[in-house]
Amino acid sequence: MKGNLLLIDDEAELSESMKELLEDEAKEIFTANNGAEALMILEKQKIDCVVSDIKMPVMDGLKFMKIARERGFSQPIIFFTGHGTEQLKREVRALGANDLLMKPNFMSLEDSIRKHMSAHLNH
């Protein structure tokens, strides 16, 4: 059973590559360039899993997650970033993220999406 995936990244080329790579993992894939765009998509679409970069203009991934959780959105959020540290990993987990993965490790990203989307869909 597949759900809908939301990819949030300000790098358009990476977003497109991720969308192509992950097309077998989701029923439908939506993309946003920043957290503000992503919140609008969350309000309008049924999303079952979110993959987000952290450092983005307009609204970064952490602020996006904080607002999404305040608005009652509970779907899994996986951070996929080039700027991960152990401190950041602890911080995002404390905020309620499901995972923090390092770019460009697409294999672990696919595994994490499968695991968390499946758990969300079966909940």
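**Close-up views of a parallel sheet**

**View 1. Strand E1 pairs with strand E2.** Strands E1 and E2 (residues 29-32) run parallel and are joined by four bridges; strands are DSSP runs of at least two residues and helices (H or I) runs of at least four, numbered from the N terminus, and two strands pair if DSSP finds at least two bridges between them. Opposite Phe30 of E2 stands Leu6, and opposite Ala32 stands Ile8. The model is predicted, with local features requiring pLDDT of at least 70 and side-chain atom pairs pLDDT 80 or more, whereas totals for chains, interfaces and linings use all residues. Residues are numbered from 1 along each chain as its sequence is written, and side-chain values use heavy atoms, without hydrogens and water.

**View 2. Side chains of strand E1 point to opposite sides.** From E1 (residues 5-8), Leu5 and Leu7 point one way, Leu6 and Ile8 the other, and all are buried (under 20% relative accessible area; exposed is over 50%, partly exposed in between; 1.4 Å probe, protein chains only).

**View 3. Ser52 lies in strand E3.** E1 and E3 (residues 49-52) pair in the parallel sense over four bridges, with Ile8 opposite Ser52. Ser52 counts as buried because its relative accessibility is 1%. Leaving aside residues up to four places away in sequence, Ser52 touches Ile8, Gly61, Ile78, Phe79 and Phe80 (contact means heavy atoms within 4.5 Å).

**View 4. Five strands form an open sheet.** The strand order is E2-E1-E3-E4-E5, with parallel pairing. E2 and E5 (99-102) stand at the edges with a single partner strand each, so one side of each has no neighbour in the sheet.
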